[in-house]
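User: I have a model open and I am new to reading these. Could you walk me through it?

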Amino acid sequence: MTQTGTTAVKRGMAQMQKGGVIMDVANVEQAKIAEKAGAVAVMALERVPSDIRAAGGVARMSDPAMIKAIMDAVTIPVMAKVRIGHIAEARILEAIDVDYIDESEVLTPADDNYHINKTDYKVPFVCGCRNLGEALRRIGEGASMLRTKGEPGTGNIIEAVRHMEKVNEQINHVVSADPDQLMTISRDLRAPYDLVKQVHDLGKLPVVNFAAGGVATPADAALMMNLGADGIFVGSGIFHSENPAKFAKAIVTATAHPTDYALIAKVSENLGKPMKGIDISTLTDDQKMADRGI
Amino acid sequence: MHVIIGVLALQGAVSEHIKMVTDCGATPRPVKTKADLQDLDGLIIPGGESTTIRKLLVREQLLEPLKALVQQGFPVFGTCAGLVLLAQSESLAGLNGTVVRNGFGRQRESFETELTVKGWSKPYHGIFIRAPYLSEVQQPAKALVTLADGRIVAAQQNHVLVTSFHPELTDDTRFHQYFIDQIVRPLKTQAS
């Protein structure tokens with residue numbers, strides 16, 4: 001009996017990405033630079049988050065032709081983003097055979113009530129989260145991989161740090177709790193009881209959790225790995241830096257060797273300017289992408 | 001006899017293999033640098049992205065020392081990306097065969113299935129993720145699992161064991177146990 005699209009192959013695909021860097025790329029040339037630098041996957045999107053911020057307006061799924069051109073150009077997996085709740089965009093990406101779908105707050109949400117029922121798809125999904133409740137709600141909907149939301153396109157790591165610390169702190173709480181307390185914890189987290197119980201029994205999330213949203217330097221990547229991230233997404237950080245190829249390679253090295261500080265120092269030398277950052281406190285509420293789809 | 005099994009820890013499903021090695025009664029050790037290769041009795045190359053792992057091996061100057069170890073008959077078990085690296089002549093050249101990367105298609109075609117392993121009474125549950133396969137193997141390599149359509153998904157050449165699928169994603173320790181008990185331990189006994 002051969003089965004495709006199972007929980008094991010969808011979650012397993014994300015497990016194979018652990019310790020790696022997934023890079024946002026806007027065209028074939030960038031995808032090739034990312035692959036050459038050692039990316040474990042690329043995220044194909046027309047505009048990186050900082051450009052989406054700058055452009056304003058409605059951000060949607062990318063042109064399928066652009067995504068397909070990138071799929072043809074590299075042998076590593078190709079991911080692409082859909083708007084939160086946009087089942088048609090998700091079916092379109094499944095139809096062109098992308099390897100992973102990011103139901104992403106970086107794009108303008110299509111539905112402010114419901115996320116996609118991700119169990120229905122053969123292609124796995126990754127979703128963002130700021131805390132354990134959000135993480136378990138997304139897993140309940142069928143997400144096979146999680147990432148922090150961070151604050152995309154800011155080049156500012158503080159939100160990703162907050163989200164990773166929050167999730168891990170709440171996991172520790174669930175794991176150390178008495179089984180009698182789990183229903184109340186489930187109520188307080190607004191998370192499905194069976195998944196709270198699963199975290200309690202496993203001692204960890206049942207899927208991998210990457211860091212995303214604000215990673216701009218090799219040191220940022222190492223910081224997130226040391227906080228317990230399983231791997232790293234880099235959005236605007238690479239192709240908005242002065243020397244993308246060198247930056248990309250350095251972030252890959254820092255992610256693979258997050259405690260080898262002599263090595264990270266070496267690869268961080270003379271990298272040129274990183275992307276320009278944004279102080280989170282200068283963002284208005286409607287400019288904060290992390291608050292979308294919670 | 002106490003054996004230490006290294007798990008190449010540059011990228012991929014490292015913690016899963018470490019758990020398997022522990023469950024088999026051996027001591028796991030993550031391998032990130034040349035120094036970590038000292039005093040190992042065997043090595044596992046995990047699933048992950050083979051292009052990424054290969055680049056990191058080159059950057060860490062680990063590719064040539066590893067290749068030399070494989071050529072000297074050191075026990076190595078590779079799953080998925082590990083199979084690719086062991087079968088590629090330009091990488092570790094540990095197994096005589098022709099590897100087809102992403103041989104079953106993209107992620108949507110990733111699958112689970114029951115496998116018949118030569119010499120084993122019970123089937124093995126194989127989890128294939130953007131998996132490679134071997135279109136052929138040449139002596140002294142031998143196929144251990146061949147699909148109905150002829151694609152080879154597990155093989156052994158002396159002390160090198162490879163699978164296209166991921167035993168580390170299951171609870172079934174038989175492949176790890178086979179590697180440790182049938183390949184690593186006899187060699188260590190012989191040496192001592």
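Analyst: Let us begin with one helix: helix H2 (residues 28-37) of chain A lies across strand S2 (21-25) and strand S3 (41-44) of chain A, and runs at about 165 degrees to S2(A). Helices (H or I, at least four residues) and strands (E, at least two) are DSSP runs, numbered from the N terminus, and contact means heavy atoms within 4.5 Å. Axes are lines fitted to C-alpha atoms, for helices over the stretch in contact, with angles from 0 to 180 degrees between N-to-C directions.

User: Before we go on, what sort of model is this?

Analyst: This is a predicted model, in which local features need pLDDT of at least 70 and side-chain atom pairs count only at pLDDT 80 or more, while totals for chains, interfaces and linings use all residues. Residues are numbered from 1 along each chain as its sequence is written, chains are lettered from A and ligands numbered from 1 in the order in which they are written, and side-chain values use heavy atoms, with hydrogens and water left out.

User: Ok, what is the strand order in the open sheet of chain A?

Analyst: The eight strands follow the order S8-S7-S6-S5-S4-S3-S2-S9 with parallel pairing, where two strands pair if DSSP finds at least two bridges between them. Strand S8 (208-210) and strand S9 (232-234) of chain A each have a single partner strand, so one side of each is left without a neighbour in the sheet.

User: And how does S8(A) pair with S7(A)?

Analyst: Strand S7 (residues 145-148) of chain A pairs with S8(A) in the parallel sense over three bridges, and Met145(A) stands opposite Val208(A).

User: Switching topic, how much area do chain B and chain A bury between them?

Analyst: They bury about 3,000 Å², 50% of it on carbon and sulfur atoms; buried area is the accessible area (1.4 Å probe) that two parts lose on being put together, summed over both. Arg106(B), Gln107(B) and Arg108(B) supply 25% of the area that chain B buries against chain A, more than any other three residues.

User: Which side chains meet in a salt bridge there?

Analyst: One example is the pair Asp99(A) and Arg130(B), at 2.9 Å from N to O, and the rule, a side-chain nitrogen of Lys or Arg within 4 Å of a carboxyl oxygen of Asp or Glu, finds four salt bridges across this interface.

User: Which strands of the two chains are joined by bridges?

Analyst: Strand S1 (residues 3-4) of chain A and S6(B) run antiparallel and are joined by two bridges, with Phe111(B) as the bridge partner of Thr4(A).
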